[in-house]
Amino acid sequence: MDCERTKIEKWSEFQLPNVWKLRGTIICLLIFGIMIALKFIDNEPLWLKDVLRKGLLVGLLIVTLSKEKIEDEMVTTLRFKAYTLAFIMAVMYSLIQPVADYIVNNFIYEASKHNDFSYFQVLSFMLIIQIMFFEILKRNR
Amino acid sequence: MENTIKVERAILDLTQDDLAKKIGVSRQTINSIEANRYVPSTVLALKLSEVFGKPVNDFFKLSKDD
């Protein structure tokens with residue numbers, strides 16, 4: 001019978017085939033394009049914005065979970081380094097961003113009630129940072 | 001960790017790509033190991049040992065920093 005640690009190790013090894021990297025990128029670009037286009041529409045439906053945000057997060061997650069063409073132990077090590085850096089930076093971002101927002105909105109500009117700091121901001125930041133660091137580490141290996 | 005993989009590879013007249021294919025990694029991984037930027041796992045070290053026909057200690061040495 002598998003012990004709890006073995007199960008967790010199996011889950012942590014979950015990855016999608018390499019072909020999903022391109023699919024995830026296409027999903028992200030399409031959704032990003034639609035989001036930009038919606039900015040020019042006056043009555044942007046809120047439900048659509050929410051769906052697109054979730055779709056973008058799913059697309060980014062697919063990209064981070066996709067294997068490389070040659071997935072060896074060094075690539076796995078670099079991927080985990082990128083996850084670690086992204087996690088630390090996302091925590092720092094979520095601590096610093098509200099303070100920066102507060103300062104900008106209350107001292108530099110006029111006080112605003114629209115200081116929204118959403119889960120989307122943190123998660124998209126974290127996933128983008130992971131992808132970015134992973135690519136940088138891969139190129140400099 | 002220091003290594004003499006480049007020398008061992010030259011003895012067998014293997015390119016980085018040939019060696020990478022033999023042990024199932026990318027060419028960049030072999031390049032990083034040779035440049036001491038990456039320390040391989042025991043599994044990979046033993047695969048290299050099998051290709052070179054020598055014990056791991058013959059081509060991997062601990063450096064003063066280790």
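Leaving aside neighbours within four places in sequence, A:R79 is in contact (heavy atoms within 4.5 Å) with A:Q15, A:T64, A:S66, A:K67, A:E68, A:E71, A:Q130 and A:F134. The model is predicted: local features need pLDDT of at least 70, side-chain atom pairs count only at pLDDT 80 or more, and totals for chains, interfaces and linings use all residues. Residues are numbered from 1 along each chain as its sequence is written, chains are lettered from A and ligands numbered from 1 in the order in which they are written, and side-chain values use heavy atoms, with hydrogens and water left out.

A:R79 lies in helix α4 of chain A. Helices are DSSP runs of H or I with at least four residues, strands are runs of E with at least two, and both are numbered from the N terminus. The relative accessible area of A:R79 is 4%, so the residue is buried. Buried means under 20% relative accessible area, exposed means over 50%, and partly exposed lies in between (1.4 Å probe, protein chains only). A:R79 also forms a salt bridge with A:E71, with the closest N and O atoms 2.5 Å apart. A salt bridge here is a side-chain nitrogen of Lys or Arg within 4 Å of a carboxyl oxygen of Asp or Glu. A:E71 is partly exposed, because its relative accessible area is 24%.

Over all chains, the rule gives ten salt bridges. One of them pairs A:K21 with A:E135, at 3.3 Å between the closest N and O atoms. This pair links distant parts of the chain: A:K21 is in helix α2 (residues 19-38) of chain A and A:E135 is in helix α5 (residues 119-139) of chain A, 114 residues apart. A:K21 has a relative accessible area of 19% and is therefore buried. A:E135, at 22%, is partly exposed.

Chain B holds a salt bridge between B:R9 and B:E34, whose closest N and O atoms are 2.6 Å apart. This pair, too, links distant parts of its chain, with B:R9 in helix α1 and B:E34 in helix α3 of chain B, 25 residues apart. B:R9 is buried, with a relative accessible area of 10%. B:E34 counts as buried at 15% relative accessibility. In chain A, salt bridges that share partners join A:K21, A:E68, A:E135 and A:K138 into one network.

The interface was examined next. Seven residues of chain A are in contact with eleven residues of chain B. The two chains bury about 760 Å² between them, and 52% of that area is on carbon and sulfur atoms. Buried area is the accessible area (1.4 Å probe) that two parts lose on being put together, summed over both. A:E73, A:M74 and A:R141 supply 68% of the area that chain A buries against chain B, more than any other three residues. Polar contacts are present between the chains, with six residue pairs counted (both at pLDDT 80 or more). A polar contact is a pair of N or O atoms within 3.5 Å; within protein, one must be able to donate a hydrogen and the other to accept it, and residues adjacent in sequence count only if both atoms are side-chain atoms.

A:F87, A:I88, A:V91, A:M92, A:L95 and A:I96 make a nonpolar surface patch of about 590 Å². Patches are made of residues with over 30% relative accessible area and no salt bridge; like charges are joined within 9 Å, and nonpolar side chains (Val, Leu, Ile, Met, Phe, Trp, Tyr) within 5 Å. Areas come from the Shrake-Rupley method with a 1.4 Å probe, and for residues only the protein chains shown count as cover. A:V91 is placed in helix α4 (residues 73-108) of chain A. At 37% relative accessibility, A:V91 is partly exposed. A:F80 is in helix α4 of chain A as well, and is partly exposed at 40%. A:F80 and A:V99 are 19 residues apart in sequence and 29 Å apart in space, C-alpha to C-alpha.

Backbone geometry picks out two residues of chain B. Most residues other than glycine have a negative phi. B:D13, not a glycine, has a positive phi of about 55 degrees. B:D13 sits in the loop between α1 (5-11) and α2 (16-23) of chain B, and is exposed at 68% relative accessibility. B:N36, also not a glycine, has a positive phi of about 60 degrees. B:N36 is in the loop between α3 (27-34) and α4 (42-52) of chain B, and counts as partly exposed at 40%.
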